[in-house]
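Here is a briefing on strand pairing, aromatic contacts and charges over rings. Look at the model first, then read the points below.

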Amino acid sequence: MTVISKAITGVISKAVKGAIGPDGAALKFLVFDTFTDTNGVLIENHTPEIGGPWIRTVPDTGAPTLGAVTIQNNLMAISVADEGAVVDAGVSDADIQVVYTATTGARSGVLMRSVSDGNTLSFRVRPADNAIDLITWTAGTIASTDATAAFTFVNGQDYTLRVRCVANTIVAYIDGNQVLQATVTAHAAGTRHGITSYGSTLTERYNNFNIVNGAINPQLVTYWLETVTYNGVPVTYIGN
């Protein structure tokens, strides 16, 4: 185990997965959020552990709905169709990861390179259709379906969704396995990335959201980032 801070014994209060770089060193998170907060807090009033703030958005036409995205049981919850939230990471080349709990009949996904409401890319996961796709949204409508594939989701099961955006190449992964790839030139300068729902009023839940710089290719392995409490002070370290 590699210790960031002084080696101590404490009580583990939180454990989440992240990525490591090609040299084995921990990558710097641009955004990191375990959604630990009081039930019912609006996402725009919630502060991530690293980065932020969250900004409510929509992939299609219309304005974001107040209260559509909240914290529930230390998870991000989206309860209104076609709503979402993004964080400005300051980079368009981004590696985005989140844990998604599949809900039968739902359609959800990751937003990438959001420029404004209705102008974004997305990695859609669709348990309702047993399918996944990469989508370009422009002016609130689907401008193109850039890649699509069949994928069977199990209700209630957690899936780690990851999207890597570098230059015009967009690659999507589920649980570390590459599932889609496309060449996309639209919205190349967008630096906002996040989470959304599509065409479903079922509550979608997400956990352990993070973004690292996509210019550094993380290995498809993970480490544990753990916070321990010592004399009331949280100390973070990493290990296998």
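**Strands and rings**

S6 pairs with strand S15 (residues 192-197) in the antiparallel sense over five bridges. This is a predicted model: local features need pLDDT of at least 70, side-chain atom pairs count only at pLDDT 80 or more, and totals for chains, interfaces and linings use all residues. Residues are numbered from 1 along each chain as its sequence is written, and side-chain values use heavy atoms, with hydrogens and water left out.

**Strand S6**
- Strands are DSSP runs of E, at least two residues long, numbered from the N terminus. Two strands pair if DSSP finds at least two bridges between them.
- Asp88 stands opposite Arg192 in S15.
- S6 also pairs with strand S3 (residues 54-57), antiparallel, over four bridges. Here Thr57 faces Gly84 in S6.

**Aromatic pairs**
- The structure holds eight aromatic pairs. Ring centres of Phe, Tyr or Trp (its six-membered ring) must lie within 6.5 Å; planes under 30 degrees apart count as stacked, over 60 as edge-to-face and the rest as tilted.
- Phe29 and Phe32 form a tilted pair, 4.7 Å centre to centre, with 55° between the planes. Phe29 is buried at 7% relative accessible area. Phe32 is buried at 7% too.
- Phe35, Trp54 and Phe209 form one aromatic cluster.

**Charges over rings**
- The charged end of Arg162 sits over the Tyr173 ring, 4.5 Å from its centre. The criterion is NZ of Lys or CZ of Arg within 6 Å of the ring centre and within 35 degrees of the ring normal.
- Arg124 has its charged end over the ring of Tyr198, 5.6 Å from the centre.

Key
Buried means under 20% relative accessible area, exposed over 50%, partly exposed in between (1.4 Å probe, protein chains only).
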